[in-house]
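Student: Can you walk me through this one? Let's keep it quick.
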Number of protein chains: 2
Amino acid sequence: MAAKVQDVIMLFGDSITQVGWSDGGFGARLQHVYSRRLDVLNRGFGGYNTDWAIPILEQCLATQDDQQYVPKIRILVFWFGANDACAKPSPQHVPLPKFIENIKHAVGLIQSAESPYYSPSTKIILVTPPPVNTYQLAPELSDRTFDTTKEYADGVKAAAMASESKVSVVDAWTAIWKAAGEREGALSKYLSDGLHLSPDGYTVVYEALIETIKVDHPSLHYENLQPVFPPWAGVDRANPGPSVQKKDIFK
Amino acid sequence: MAAKVQDVIMLFGDSITQVGWSDGGFGARLQHVYSRRLDVLNRGFGGYNTDWAIPILEQCLATQDDQQYVPKIRILVFWFGANDACAKPSPQHVPLPKFIENIKHAVGLIQSAESPYYSPSTKIILVTPPPVNTYQLAPELSDRTFDTTKEYADGVKAAAMASESKVSVVDAWTAIWKAAGEREGALSKYLSDGLHLSPDGYTVVYEALIETIKVDHPSLHYENLQPVFPPWAGVDRANPGPSVQKKDIFK
């Protein structure tokens, strides 16, 4: 059984999160730079909208009674909207006001002192859905429009503004849109199928996410954390055991 | 706090494990195919030999009392030897008999009913150290020789044979050696610096590891596991909560 030696970064989202360990994906890159410091958990659920994801989020968070036994979520990255923004009558469609309400509810699960999952040490980072490229979308994904996804990206920012406690936003929509020179056709460099991210798209989001951590939560930037177990040069060769006891990652 | 929703595959080893989430790395690829089924934990410790790693392994395993609270390790991949095989007087050198003894001790921590960490549901897979390419080795890595590393690879197999319970072996040494046409100079396709793996080297090991899981532990092959939370088409849209309760991954 895996004892609790490292705390975690939880990437909670839809398919764009779930496939973030493919070549060039942001999940794998985060795990690489956070190795020996924090585990990066894949909690991506392809096709899910916020209505369906919230009862899953509740299961992924520990209740206050159980928190002593399990790794702390140091950073929760919450990234939805790509499916919520589907047009009616898609079953994935969530009306924009409900989408915003759902995000606020998710934030409240962690930030509200009345929540059974209250965890003031968890930093929340919301990510906006990326723009879609309607020239590139496969037929089965074509119930998305460029303008609607933009509204849902703005909805994520509105939800962050409405939070009582600090919530960071990584504006993936704007970062990718700017990278593409604000031309929808040029998004094909950053999107693999008009909706999901290519390695170049993940690079844009990864860099924006690392920058957000660096600015908003510098103590959690990977360069500012020490490894749980020491570099090998620090091992006492005559008596290794005491010198390799797990340490706090915060210097 | 991260509640226990997924069990894990723990990759426990030296730097070759630690950097397994870089481009093409075996850790990232495992997490990709096991998404929504098992978490893949990076427990790689650059520069470590088995003498130093065993007191860390003890901290990464839960005692029987704590096992109820933490994720089960369904597969433990134990991959050392690249540093143990350093020639004397390198501080990383571990004599071959002690290396074999250390592996047997590590296996016993999990498989012996007398161990405080006894976990009969954990499947152990030992991996042999890859061959080194002495034509390619950087000066600071040059206390390794081709023949010595081969002896340590054979030592891993000897340790597996000596175990009372089933222990699988992924023979990375032989798989990479054969891929290189049994020519040391041709190893540069599979090794980045004569010691660590290139993406092509990780591909060889990844495929051998997946094949070992498929043959020795088919119920744990990713294609035979169901997702913890259902595909989105299975969500009850009128009342999502009950339909997205976490499920056993074993069908």
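Tutor: A definition to start: a polar contact is a pair of N or O atoms within 3.5 Å; within protein, one must be able to donate a hydrogen and the other to accept it, and residues adjacent in sequence count only if both atoms are side-chain atoms. This is a predicted model: local features need pLDDT of at least 70, side-chain atom pairs count only at pLDDT 80 or more, and totals for chains, interfaces and linings use all residues. Residues are numbered from 1 along each chain as its sequence is written, and side-chain values use heavy atoms, without hydrogens and water.

Student: How many residue pairs are in polar contact across the interface of chain A and chain B?
Tutor: The rule finds 15, with both residues at pLDDT 80 or more.

Student: What does each side of chain A that touches chain B divide into?
Tutor: That side of chain A has 30 nonpolar, 19 polar and eight charged residues. Ala, Val, Leu, Ile, Met, Phe, Trp, Tyr, Cys and Pro count as nonpolar; Asp, Glu, Lys and Arg count as charged; the others, Gly among them, count as polar.

Student: And how many salt bridges cross?
Tutor: Two, by the rule. A salt bridge needs a side-chain nitrogen of Lys or Arg within 4 Å of a carboxyl oxygen of Asp or Glu. Asp39(B) forms one with Arg43(A), with the closest N and O atoms 2.9 Å apart.

Student: New topic. Is Ser198(A) buried or exposed?
Tutor: Buried, because its relative accessible area is 10%. Buried means under 20%, exposed over 50%, partly exposed in between (1.4 Å probe, protein chains only).

Student: What does its side chain reach?
Tutor: The side chain of Ser198(A) reaches the backbone oxygen of Lys189(A) at 2.7 Å.

Key. Chains lettered and ligands numbered in written order.
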